Amino acid sequence: MKFAVLILSILIGGSMVPQIDKYSSLREKMVKEQIIDRGISDRATISAMRKVPRHLFVPADITDEAYDDNPLPIGYGQTISQPYIVAYMTEVARPTSRKKVLEIGTGSGYQAAVLAEITDTVYTIEIIPELEKEASDRFRKLGYKNIITRYGDGYKGWPEHSPFDIIIVTAAAEKIPQPLLDQLAENGRLVIPLGKPYAVQELILAVKKNGKTESKLLTYVRFVPFKRL
Ligand code: SAH
């Protein structure tokens with residue numbers, strides 16, 4: 001590809017510079033200032049954040065804000081998380097190629113796409129049917145064949161595909177849904193915000209060791225509420 005671009009610019013005598021995606025420099029700046037400078041060091045996470053075109057995961061009228069340092073509305077009262085939070089949750093989950101991942105709360109699909117850049121398969125469940133449809137169309141358009149989406153209540157997890165090495169919940173629940181703990185593999189890692197809707201919530205990491213889960217508080221966050229059907 002680079003070779004073709006080079007030939008093309010030689011052919012036109014260097015008079016025309018190949019057009020650069022205007023969002024790639026915004027994305028690079030976001031990765032440097034919001035991700036690396038704030039302490040995210042996992043190389044797989046950083047390269048996934050460099051790759052996923054976040055501006056294609058937000059509504060068309062706010063694409064220019066896609067790389068800003070905050071969450072953004074995606075319709076239906078829901079939000080796409082702030083880039084740093086997506087990177088932080090990804091790093092903490094420790095994804096590697098062979099791991100099987102479940103995400104609860106597909107939303108725009110951005111977090112799932114970041115995970116899918118690193119792992120073999122990402123299963124993701126969304127409770128708002130319109131968002132589930134939009135996200136699965138988006139995955140198809142962008143070529144994410146390793147993301148499997150489903151409409152439904154993520155409280156129950158996805159038993160047919162369990163156990164999962166990683167479970168990431170992107171809506172705040174009052175406590176960890178028992179089915180998710182049951183579907184977590186040995187040494188599996190579950191990341192979930194816990195707390196009251198729209199209040200400051202605790203981001204929790206639960207790790208399963210010898211069948212028991214140990215939880216630890218990571219940081220404070222603010223997520224949209226976990227709903228039930
Ligand atoms: N991960 C998303 C963030 C979306 S916000 C992204 O990267 O864009 C959280 C999402 O969780 C919302 O879309 C909301 O509809 C969904 N949600 C809330 N409760 C849920 C449940 N019980 N099961 C599945 N999805 C749920």
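The model is predicted, with local features needing pLDDT of at least 70 and side-chain atom pairs counting only at pLDDT 80 or more, while totals for chains, interfaces and linings use all residues. Residues are numbered from 1 along each chain as its sequence is written, and side-chain values use heavy atoms, with hydrogens and water left out.

- Helices (H or I, at least four residues) and strands (E, at least two) are DSSP runs, numbered from the N terminus.
- Helix α4 is largely enclosed by the rest of the structure, because 11 of its 11 residues are buried, where buried means under 20% relative accessible area, exposed means over 50% and partly exposed lies in between (1.4 Å probe, protein chains only).
- R94, which follows α4, has a positive phi near 55°.
- Not counting residues up to four places away in sequence, Y110 touches M30, M49, V52, R54, F57, I80 and V86, a contact being heavy atoms within 4.5 Å.

- T45 lies in helix α3 (residues 43-51) and is buried, with a relative accessible area of 0%.
- Leaving aside neighbours within four places in sequence, T45 is in contact with I40, A87, T90, E91 and I118; of these, A87, T90 and E91 are among the buried residues of α4.
- T119 sits in the loop between α5 and β4 and counts as buried at 4% relative accessibility.
- With neighbours within four places in sequence again left aside, T119 is in contact with P95, T96, S97, K99, V101 and N146.

**Strand pairing**

- Strands β8 (residues 201-209) and β9 (residues 212-221) pair in the antiparallel sense over nine bridges, two strands being taken to pair if DSSP finds at least two bridges between them.
- Within this pairing, E202 stands opposite Y220 in β9.
- The hairpin of β8 and β9 has two residues between the strands, and N210 in the turn has a positive phi of about 50°.
- Strands β3 and β4 run parallel and are joined by five bridges, with T124 in β4 as the bridge partner of E103.
- Five of the six residues of β4 are buried, so this strand is largely enclosed by the rest of the structure.

**The largest pocket**

- The largest pocket holds about 560 Å³ of space; a pocket is an open set of points on a 1 Å grid over the protein atoms alone, where a 1.4 Å probe fits, with protein on both sides within 12 Å along at least five of seven lines, and lining residues have an atom within 4 Å of a point.
- Of the 37 residues that line this pocket, T79, T170, A171, F223 and V224 are the closest to its centre.
- Two or more lining residues come from each of β2 (78-80), α4 (83-93), β3 (100-104), α5 (110-116), β4 (121-126) and β9.

Methods:
Grid points are joined across faces, edges and corners, and a volume is the space filled by probe spheres set on the points.
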